[in-house]
Amino acid sequence: MLDTSSLQILGAAGTVTGSKYLLRFQQQSLLLDCGLFQGLKELRLRNWAKVPFDLSQLKAVVLSHAHLDHTGYLPLLVRQGYRGPIYCSSGTADLLGVLLPDSAHLQEEEAARANRYSYSKHAPALPLYTVADAQATLRLVETKPYREAFSAVEGVQVRFRPNGHILGSCSVELELKTQPAFRIVFSGDVGRYGRPILHDPEPVPQADLLLVESTYGDRIHAPDPINELAEVVNQSVARGGALLIPAFAVGRTQELVWAIRQLEDSGRIPTLPVFIDSPMAIDVSALYCRHPEDHALDMKLLMDEKRCPLCCKKYQLTRTPDESKALNDIKGPFIVIAGAGMLTGGRILHHLKYRLPDPRTTVLLAGFQSIGTRGRLLQEGTKHLRIHGQDVPVRAAVVTLHGYSGHGDRNELLRWLSGFQKPPRLTLVVHGEPVPALALTTALQERWRSAVRPAQDGEVVSIARLLDDSPSSMSLPEVAR
């Protein structure tokens, strides 16, 4: 049976979306992550294709964390017939309860809007999946604690270790009961060190086959991004307009609110109205306070003082569409934080449509913007942005802060990788665009002097070949397309 055991790369190779890795072992399979493709049209079209493996052999899904590029395909998997367990941490399970129904609702809403205004090429436009699909998916979720091994499928033990990216995020260890035992480690999205809300990424001691993300494999984050945030806020106040911050509801919104509060308390920025225009972000912030197992010291101290750790001084929550629309009547300066982080949907699009033509407006892109997204177009200086079928002129100031990314930079990735007691037999660099993936590959090749290369989309890596201790197998594993 071992000769047919393999790991197949089904996404997040040469791109940062669509994270999926299929383990085939002893006539059964396990899916590691189940993410949506986002960004470029050719990637998004892959979401509509039939699942690219035999669903009858799929016995379990294991998740690294809740972001949609790692989980957003789950309702499609269930719609196509999957009924097995979906294993994840407790924090991830709670987030899925918010993220998946919201994602489905947004897709239903976008399809309805496209049909109403006839700007889709499809008649009728359909959602990728529905709220009912999302709810069916949630019934399959089973939670597991950090660090405790559990059996996911026969012959495969799984262990989660927190990695500091978002609430509930973890690296994943798979131990295959071969002779000798074979360990596959997936980094998940490695988080930051020394941040105020979540624990530092926990090291992993051993792997035979390693999948490591490389989102920021070619760059170093700003050493003190809170200083840049203060400068952006003060410049926005001087312009007298709105400061619009597209932000992921999970992780980014919470850290931005935390930072704004620290700047207010220290007097480095004026106290401004801060609108959290995202029902999902509001719900997620409450979840952060319910999971002390993920908290770093700063967060625990504030909770011990019974002070809300994720609120600004003039903090206003806008849950309903009418409350969101009412923000159009407010004059600056003020701050709006709304989803989505790369402008792929959500309420931020309505605010941009209304305020991008106003030169007093500031748009703060607080993190990575994938190729093909509206966020990337703004970042690259586009003069018009297409929103809801209209070309909107861009006269606002656009600023990017990479320092508030939830992803570790090159040095933080290397710091996490230094936790391995010896180099893996093979390291595949995943979840990165070509330039950062190659940069991290080069850095690891120099450090480990072992087999390291960017993963290829669709490739199949033979586990039997990697178990062969010969030098050739370590440097050139068997790969089939």
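This briefing covers the overall build, the salt bridges, the cysteines and one surface patch of a protein chain. The model is predicted. The protein chain has 16 helices and 23 strands. Its radius of gyration is 22 Å, close to the 23 Å that the globule rule gives for 481 residues, so the chain is as compact as a globular protein of that length.

**Overall build**

- The C-alpha trace spans about 70 × 50 × 40 Å along its principal axes.
- Of the 481 residues in the protein chain, 58% count as buried.
- The protein chain exposes about 19,000 Å². Carbon and sulfur atoms supply 51% of that area.
- Take the contacts between residues at least 6 apart in sequence: 73% of them join residues at least 24 apart.

**Salt bridges**

- The count comes to 22 salt bridges.
- Glu202 sits in the loop between strand E10 (182-186) and strand E11 (209-213), while Arg147 sits in the loop between strand E6 (141-143) and strand E7 (150-153), so the pair ties together parts that are 55 residues apart in sequence.
- Glu202 has a relative accessible area of 16%, so Glu202 is buried. Arg147 is at 42% relative accessibility, so Arg147 counts as partly exposed.
- Arg161 forms a salt bridge with Glu173, with the closest N and O atoms 2.2 Å apart. Arg161 belongs to strand E8 (residues 156-162) and Glu173 to strand E9 (residues 170-176), and the two residues are 12 apart.
- Arg161 counts as buried because its relative accessibility is 15%. Glu173 is buried too, with a relative accessible area of 12%.
- Glu412 and Arg192 meet through their side chains in a salt bridge of 2.8 Å, N to O. Glu412 is in helix H13 (residues 410-417) and Arg192 is in the loop between E10 and E11, so this pair ties together parts that are 220 residues apart in sequence.
- Both Glu412 and Arg192 are buried.
- Arg147, Arg161, Glu173 and Glu202 belong to one network, joined by salt bridges that share partners.

**Cysteines**

- How many disulfides does a search of the whole structure find? The search finds 0.
- A disulfide needs the two sulfur atoms within 2.5 Å.
- Is Cys312 buried or exposed? Cys312 counts as buried because its relative accessibility is 5%.
- Cys289 is at 27% relative accessibility, so Cys289 counts as partly exposed.

**A nonpolar surface patch**

- Leu45, Trp48 and Leu126 make a nonpolar surface patch of about 360 Å².
- Where is Trp48 found? Trp48 lies in the loop between helix H1 (41-44) and strand E4 (58-62).
- Trp48 reaches 52% relative accessibility, so Trp48 counts as exposed. The cut-off for exposed is over 50%.

Definitions and conventions:
Residues are numbered from 1 along each chain as its sequence is written. This is a predicted model: local features need pLDDT of at least 70, side-chain atom pairs count only at pLDDT 80 or more; totals for chains, interfaces and linings use all residues. Side-chain values use heavy atoms; hydrogens and water are left out. Patches are made of residues with over 30% relative accessible area and no salt bridge: like charges are joined within 9 Å, nonpolar side chains (Val, Leu, Ile, Met, Phe, Trp, Tyr) within 5 Å. Accessible areas come from the Shrake-Rupley method with a 1.4 Å probe; for residues, only the protein chains shown count as cover. A salt bridge is a side-chain nitrogen of Lys or Arg within 4 Å of a carboxyl oxygen of Asp or Glu. Helices (H or I, at least four residues) and strands (E, at least two) are DSSP runs, numbered from the N terminus. Buried means under 20% relative accessible area, exposed over 50%, partly exposed in between (1.4 Å probe, protein chains only). The radius of gyration is taken over C-alpha atoms; the globule rule is 2.2 Å times the number of residues to the power 0.38. Contact means heavy atoms within 4.5 Å.
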